[in-house]
Amino acid sequence: MPTQVVASIENPSLLPTPPMGFNNWARFMCDLNETLFVDTADAMASSGLLEAGYNRINLDDCWMNYDRADNGSLEWNVTKFPRGLPWLGKYVKSKGFNFGIYEDSGNLTCGGYPGSEGFEEIDAETFAAWGIDYLKLDGCNVYPKEGRTLQEEYKYLYGHWHEILSKMQQPLIFSESAPAYFSLTENLTDWHTVMDWVPEYGELARHSVDILVYGGEGSAWDSIMTNYKFNTLVARYQRPGYYNDPDFLISDHPGLSLEEKRSQFALWASFSAPLIISAHIPDLSSEDLKFLTNRALIEVDQDPLAQQATLASRDSSLDVLTRSLADGSRLATILNHGSNPIEADISLDVLGLSTDCTYTSHDLWDRSTQNIKDALHVKLSTHATAVYKIDIDQKCSTVIPTGIIFNTASGKCLTGTTSSVGFEACNGSKSQIWEVDVSGLIRTLSEQSKCLTADDTTVSLQDCKEDGAQKWSYAVTGNLRNHDTGNCLTENGGISACGFEVNSQVFGLPAGVELTS
């Protein structure tokens, strides 16, 4: 059997666009059985979800017996699945779906069932024999072996799985949960380090905490916003074949308004994130099905560029996100995360567009169009999200990567004026919105003739001369390195020697900025 390279960033054809489908966890947790998945597949096929692209049926934890068979293989729970998982796989495939499953990289799953550690090869063979083509690998009950840190242990285990999957005749889609286990530490070095290697091993990675389950305590909207904000921190890792995963669409959660459900869907689509629904599909309302099958937003999610939308502007009420699409158009997504309705004009230069041109924008919710010259006018109720696709004609085809430069640990925005450059709370001002051109020059929208300039210890805005002190490169690690000094931008430190994934030197930049290794 030939060895294949299946790391998604090396072979994006394995999963060229983010996956869409169903997973039981956030809605049903361990309350899963054959009937649930049969009814789900039937409902997805009849409701238009399958036709819209939701073509995966994935089982989560608690599907198996508490003990392995004598030969070491996993066995399904025959009470929950009386006809067996191979039968279920054939059934969902007969309806037009792919079939996915859950395991854990440690010695036990999160629910206390057998983990895959030490049984990786036999588990991979078992899953393939059952007709499975998608593996969600969790990270509970992982303990470092002698000589390895915890982060190194995760890398070893997920790397081992990657090697096994790479040798399969038909590799499984590999969904990695490793980063989530490092996302809540005060020092984010290990989290960044795990995010560095997951694109080399699999096709998607869940980077942060679980989204709120159906019966969980707390605010479902706050949970969505937590995962949304984590996703804004990791845009630089995404590219065709590898997708950042902010977790499930909880589209029937009783704690969400219809506007909040629509917002989660619109934001996830703008990110080109996996669209995996965790809801009781047969009971979804017509309103829920309408937004979940919005063709224009699904086309954005499935866009071949797979460019993740990034923050163009942020203040106490509005987030403005932008990205480019494969057909040359520009996406503008505006979220009202505040507690009051809001009406605002979004200047075209904030979106990376020329204010000297007239554009046609398409509202992806109601399909209306408008011509815009200087600004995009939005009117949003609380927790609502607007999404516009903006056509760019040939004479106005240049898009400059534009947006905030923010520290991913503190969330503060780089702010540049003629008198000082430093980090402040994000306020949406043009002194916090930066253009990054292809030569590496960085300038604010408020001071177009001045460029971010470094000397040995400080950064400032100086008249643009296009010399090495004003040229910067952006690494996949999040470092912003100055060409002349070789040092890195540092929050509260001006510029200093580049460290390894230290909190003060990891930044989010606009989509479209070219990355260095």
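Predicted model: local features only at pLDDT ≥ 70, side-chain atom pairs only at ≥ 80, totals over all residues.
**Entry 1**

I next followed the pairing of strand S21, residues 434–436, with S22, and found three bridges in the antiparallel sense. Within this pair I noted that Val436 has Ile442 in S22 as its bridge partner.

**Entry 1: the hairpin of S19 and S20**

I turned to strand S19, which covers residues 413–416 and pairs with S20 over four bridges in the antiparallel sense. How many residues does the hairpin between S19 and S20 pass through? I found that four residues join S19 to S20. I also checked which residue stands opposite Cys413, and it is Glu424 in S20.

**Entry 2: the two faces of S20**

I examined the side chains of strand S20, residues 421–424. Which residues form the covered face, and which the uncovered one? Val421 and Phe423 make up the covered face, whereas Gly422 and Glu424 lie on the uncovered face. I recorded the general rule beside this: in a regular strand, side chains alternate between the two faces of the sheet.

**Entry 3: the annotated region**

I consulted the UniProt record, an unreviewed entry, which lists residues 400–510 as "domain: Ricin B lectin". I asked what share of residues 400–510 is helix and what share is strand. The chain there is 0% helix and 39% strand. The end C-alpha atoms of this stretch are 9 Å apart.

**Entry 4: the whole chain**

I counted the secondary structure of the protein chain as 11 helices and 30 strands. Along the principal axes, its C-alpha atoms fill a box of roughly 75 × 55 × 45 Å.

I noted that buried residues make up 59% of the 517 residues. The chain exposes about 19,800 Å², of which carbon and sulfur atoms supply 48%. Finally, I looked at contacts between residues at least 6 apart in sequence: 67% of them join residues at least 24 apart.

Notes. Residues numbered from 1 in each chain as written. Heavy atoms only, no water. UniProt positions renumbered as here; feature names shortened; annotations may be inferred. Buried < 20%, exposed > 50% of the residue type's maximum accessible area, 1.4 Å probe, protein only. Pairing = 2+ DSSP bridges. Contact = heavy atoms within 4.5 Å. Areas by Shrake-Rupley, 256 points an atom, 1.4 Å probe, with all protein chains shown as cover.
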